[in-house]
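Have the structure open beside the text as you read.

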Amino acid sequence: MSKEVKHYLGDKDVQVILGTLLRVGVLVSTAVVILGGIIFLFSHKGQAVSFETFKPEEARFSSIAEILKGLRTFDGLAIVQFGVLLLIFTPIARIVFSIFSFLMEKDYMYVLIGTLVLVIIIASLYLDIAH
Amino acid sequence: MYAIFAGMTVLLFTLIVLVGAFLAGLLGSLTGLGGGVIIIPLLNLGLGVDIHYAIGASIISVIATSSGSAAAYVKEGITNVRIGMFLEIATTASAIVGVIIATYIKADYIIVIFGLILLFSAVMMLRKKVDHSNNEQTSILANYFKLNGSYPTEDGVKQYAVHRVVGGFAMMFVAGTLSGLLGIGSGALKVIGMDNIMRIPFKVSTTTSNFMIGVTAAASALVYLHKGQIDPMIAMPVTIGVITGATLGAKILIKTKTDKLKVVFAIVVTFLALQMIYNGLSGKA
């Protein structure tokens, strides 16, 4: 009984840091998306859009490498996509953080479970599916 | 596909999606339905955007809503990180399976499945939730994986035990597959898994399911990015709109009852679902 109560109290500091991490992640990624959006709209606002058919071969910034490359030329859409990437990595950062907190609690079973989840997510990065 | 926005300029498209995504985020957080299930009909039915792009934009809105509301929830200290992590093994692996399935089946079928899930979510939204939680520690697996926990109430710290771990894990596998296939959070299915099967108290299941939704969506989002389904031109207004809408919704939710809104919204969602099922079946999509 007393062990579980202690476990809850110990988790509390961790949860406060987690909350901050999530808020900062969402705020920063939104700011980056807005910045990229403004740069893009400034030069392309009158351009016509067409999304009626899916054209994967025309996709730009569809990998981390392309996004980072586009950032160097200050491309508006690359900056938007970088913001999106930051947003995707926010919950992943939460996993990494949780693994560390389990490590500090010496709960090795959950260090392993968390690492497994992380490995599955990272594996998805290398999954090459034909379009 | 009807080309409603043929020749529409980038600026007009951005503004329309921005307003739509704001409403999606607002209604999604007020009704608990999430952003994804609204973004997809908005883009696909409303603006004639191809379902592949709609799904890519939706998965981003799912992460935005999840992380935004999780930041508000975790401060209360009731997310069970162990339950979340344990079940994420099922949801992340199956999300990737879902994305792979999406690559091999016709877009029309994806639209029909989406319509069916939308109908199911509308029913789940209106159903009265019953808390089945108790503290009878009967599950061997729950003890082994240290899933039982406690949460603060007005009468002090309350203990709870987790039940039927295998059933819950299997349900999460279904939820994850649909999340990857359709680009949604699968909140309604996660609730069944946690509340009804595993008998986790609401206060814990709501926040823990939200934690899982973000992580699961991150796994499928990376695959969708590589498949070229996340277009920055659509993602830009969707991200900004959903985050601002969901943040406002979370603030309103604290002081307002949403029962009537849920009924009205369920009717709207039902029509959208039927329209999507019809489009998918008649090959119009």
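Across all chains, the structure holds 4 salt bridges. Please keep in mind that this is a predicted model. At the interface of chain B and chain A, the rule finds 3 salt bridges. Side chains of opposite charge can pair when their charged atoms come close.

| Residue in chain A | Residue in chain B | N to O distance |
|---|---|---|
| A:Asp107 | B:Arg82 | 2.8 Å |
| A:Glu105 | B:Arg82 | 2.9 Å |

Where do the partners of the A:Glu105 pair sit? The pair crosses between chains: A:Glu105 lies in the loop between helix H3 (76-104) and helix H4 (108-125) of chain A, and B:Arg82 belongs to helix H4 of chain B.

Now for the interface as a whole. Chain B contributes 72 residues to the contact and chain A contributes 70 residues. Between them, the two chains bury about 6500 Å², with 73% of that on carbon and sulfur atoms. B:Arg82 turns up again here: together with B:Met85 and B:Leu222, B:Arg82 is among the residues of chain B that lose the most area to chain A, and the three make up 11% of what that side buries.

Polar pairing is also part of the picture, as the rule finds 14 residue pairs in polar contact across the interface, both residues being at pLDDT 80 or more. Several elements of chain B each supply at least two residues to the side that touches chain A, including helix H1 (10-31), helix H3 (51-74), strand S1 (149-153) and helix H10 (232-255). Which element gives the most to that side? The answer is H4(B), with 12 residues. By residue class, the side of chain B that touches chain A divides into 44 nonpolar, 21 polar and 7 charged.

Aromatic rings come next. The count is 8 aromatic pairs over all chains. In one of them, the ring centres of A:Phe51 and B:Tyr53 are 5.4 Å apart and the planes stand at 70 degrees, so the pair is edge-to-face. This pair also crosses between chains, from A:Phe51 in the loop between helix H1 (2-44) and helix H2 (64-72) of chain A to B:Tyr53 in helix H3 of chain B.

Finally, a word on confidence. Chain A averages a pLDDT of 85, and 88% of the residues score at least 70. Over residues 1-9 of chain A, however, the pLDDT is below 50, and this stretch has 11 contacts in the model beyond near neighbours in sequence. Where pLDDT is low, the predicted coordinates should not be read in detail. Chain B has a mean pLDDT of 88, with 94% of its residues reaching 70 or more.

Conventions
Residues are numbered from 1 along each chain as its sequence is written. Chains are lettered from A and ligands numbered from 1 in the order in which they are written. Side-chain values use heavy atoms; hydrogens and water are left out. Contact means heavy atoms within 4.5 Å. Buried area is the accessible area (1.4 Å probe) that two parts lose on being put together, summed over both. A salt bridge is a side-chain nitrogen of Lys or Arg within 4 Å of a carboxyl oxygen of Asp or Glu. A polar contact is a pair of N or O atoms within 3.5 Å; within protein, one must be able to donate a hydrogen and the other to accept it, and residues adjacent in sequence count only if both atoms are side-chain atoms. Helices (H or I, at least four residues) and strands (E, at least two) are DSSP runs, numbered from the N terminus. Ala, Val, Leu, Ile, Met, Phe, Trp, Tyr, Cys and Pro count as nonpolar, Asp, Glu, Lys and Arg as charged, and the others, Gly among them, as polar. pLDDT is the predictor's confidence in each residue, from 0 to 100. Rings of Phe, Tyr and Trp (its six-membered ring) pair if their centres lie within 6.5 Å; planes under 30 degrees apart count as stacked, over 60 as edge-to-face and the rest as tilted.
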